[in-house]
Amino acid sequence: MTEFKLPDIGEGIVECEVVEWRVQEGDDIVEDQPVVEVMTDKALVEITAPASGRVTRLHVAKGETARVHEPLFAYQAEGEAASEISERHAAEASSNHVETSSESSSPVAEGAAREFILPDIGEGIVECEIVEWRIQEGDAIAEDQPVVDVMTDKAMVEITAPESGRVSRLHVGKGETARVHAPLFAYVPDDAEAQRGAEQEASRAATAETTRTTPAPTKERRTEGERGKGQGAYGRIPASPAVRRLLRENDLRLEQVPGSGKDGRVLKGDVLAYLESGSTAGGEPVAAATETSSAAAGTRPAETRVEPLRGVRAAMAKRMVESASTIPHFQYGEEIDVTELLALRERLKPRAEAEEMRLTLMPFFMKALALAVEAYPILNSRLDAEAEEIHYLPHCNVGMAVDGKAGLMVPNVKHVEHRSLLEIASEVQRLTADARDGRVSQADLRDGTISISNIGALGGTYAAPIINAPEVAIVAIGKTQWLPRFDDNGEVVSRAIMTATWAGDHRLIDGGTIARFCNVWKGFLEDPETMLLELR
């Protein structure tokens with residue numbers, strides 16, 4: 001029997017009211033069938049079945065309150081009943097000589113472990129990649145202790161332990177894909193662990209007593225040494241699907257590789273060691289003549305490294321293809337003299353450092369952008385799905401592209417039009433750190449209205465950026481260079497010149513509009529003190 005725990009519905013919600021059960025105890029269910037409707041303080045949410053089976057118990061009645069990560073209903077998955085019966089029969093057959101002790105300890109050993117179900121991470125995400133396990137099987141865990149880092153197609157998410165206990169099994173390996181509403185790991189709670197320890201001690205005492213009074217049974221089955229080489233208890237060589245795939249890729253048979261695991265199980269390390277040694281089985285070479293000659297020469301043939309496209313990179317690939325193929329891009333470039341802006345920043349840096357903040361040029365770019373948007377709100381709009389309506393957005397949420405640990409992310413600073421430069425600098429510093437660690441929250445990635453890509457930070461001068469849909473404009477900022485320019489008197493002077501390349505959605509923005517908008521933005525950056533006249 002499997003317990004379905006109420007998943008994390010997002011937005012910090014910790015409980016909800018059960019409005020209507022769509023099933024009753026004893027009903028058959030199929031995967032993704034609507035099971036129950038719950039009401040949060042924001043909306044009505046429909047929860048579906050994680051797998052096919054039969055409902056055995058409803059833990060929370062209609063009208064009562066259900067809590068996140070607590071059991072909502074129990075079900076028996078298809079094939080689970082037969083599996084439980086066969087396991088029970090096998091356990092009874094193998095422990096006849098300690099029948100009384102086994103009957104008392106078996107329920108604890110099998111029933112004490114609880115499954116942790118991967119909760120709903122929000123944003124319609126149905127699967128994620130395991131980036132790093134913080135624990136191992138057998139480790140003790142405390143409530144709210146970080147257990148595993150998972151990567152969705154938007155950000156890195158840290159999952160914590162629901163209660164104290166001991167880890168009994170990790171269901172999904174590092175680098176593999178875990179699905180929402182499926183078991184992620186199993187653990188034994190502290191109270192069950194203590195009970196099981198006491199009953200196991202009693203079981204061992206009963207076993208020792210029985211052994212002293214019962215003659216040794218006649219050996220009927222072959223020992224491990226009498227089985228075929230590397231074969232398990234049933235004449236079959238045990239190996240995981242990943243190991244069998246590795247064998248197929250290298251044209252090897254399972255019988256060729258000596259297994260070092262329990263019951264002769266062939267492990268991945270056994271296969272790799274076998275390939276390294278260049279061994280043969282039954283006179284058959286494990287590698288072609290060219291590989292043998294390479295090994296003799298002390299070199300290994302070059303191999304193509306294959307890496308699956310997952311997480312943030314997969315999401316970026318999908319979004320960029322969609323944006324480039326569905327939005328007609330219009331490019332516009334400009335040079336901006338930021339000499340006065342650099343001087344102003346140097347004067348303000350000590351004040352920012354006193355607040356433990358690093359003042360870069362990005363807060364100035366963002367503030368000037370928000371002010372320019374007030375003159376040309378079309379740059380802060382979006383087109384509806386049917387391309388029939390223009391939606392002018394009430395706030396300017398400026399996104400910034402960050403080359404983070406997990407790939408390119410575009411978190412955004414909310415309500416830039418109402419924030420001071422210090423407040424914007426604080427947000428830029430926080431979002432940059434989170435993005436580089438791959439831990440940007442979903443809220444920081446949502447609702448962006450216009451974006452900035454600072455390629456100049458990496459040394460680039462020009463770029464043709466792709467719009468971050470559903471936004472309608474993005475600007476790529478190049479590096480600042482000290483270049484010769486003529487002043488008002490015709491004299492050659494050294495000025496700090498920065499390039500800016502805009503991309504606009506040509507369905508909404510024409511060349512004249514983006515040029516006039518860029519001139520307003522450029523004016524604030526070239527004479528930054530004029531921004532004071534626009535501040536509220």
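How many cavities of 30 Å³ or more does the count come to? In this predicted model, local features require pLDDT of at least 70 and side-chain atom pairs count only at pLDDT 80 or more, while totals for chains, interfaces and linings use all residues. Residues are numbered from 1 along each chain as its sequence is written, and side-chain values use heavy atoms, with hydrogens and water left out.

The count comes to two cavities of 30 Å³ or more. A cavity is defined on a 1 Å grid over the protein atoms alone as a set of points where a 1.4 Å probe fits but cannot get out, and its lining residues have an atom within 4 Å of a point. Points are joined across faces, edges and corners, and a volume is the space filled by probe spheres set on them. The largest cavity holds about 60 Å³ of space. Its lining consists of F4, K5, L6, P7, H69, F116, I117, L118, P119 and H181. By class, seven of these residues are nonpolar, two polar and one charged, where Ala, Val, Leu, Ile, Met, Phe, Trp, Tyr, Cys and Pro count as nonpolar, Asp, Glu, Lys and Arg as charged, and the others, Gly among them, as polar. Strands β1 (2–5) and β9 (114–117) each supply at least two residues of this lining; strands (E, at least two residues) and helices (H or I, at least four) are DSSP runs numbered from the N terminus.

Strand β9 also belongs to an open sheet of four strands in the order β9-β16-β14-β11, with antiparallel pairing. Because β9 and β11 (140–141) stand at the edges, each with a single partner strand, one side of each is left without a neighbour in the sheet. Pairing requires at least two DSSP bridges between two strands. Within this sheet, β14 (residues 165–170) and β16 (residues 183–189) pair over five bridges, with G165 opposite P189. Elsewhere, β2 (residues 15–21) is joined antiparallel to β7 (residues 65–67) by three bridges and to β4 (residues 34–39) by four. E17 stands opposite T65 in β7, and W21 opposite V36 in β4.

Definitions and conventions. On a 1 Å grid over the protein atoms alone, a cavity is a set of points where a 1.4 Å probe fits but cannot get out, and a pocket is an open set with protein on both sides within 12 Å along at least five of seven lines; lining residues have an atom within 4 Å of a point.
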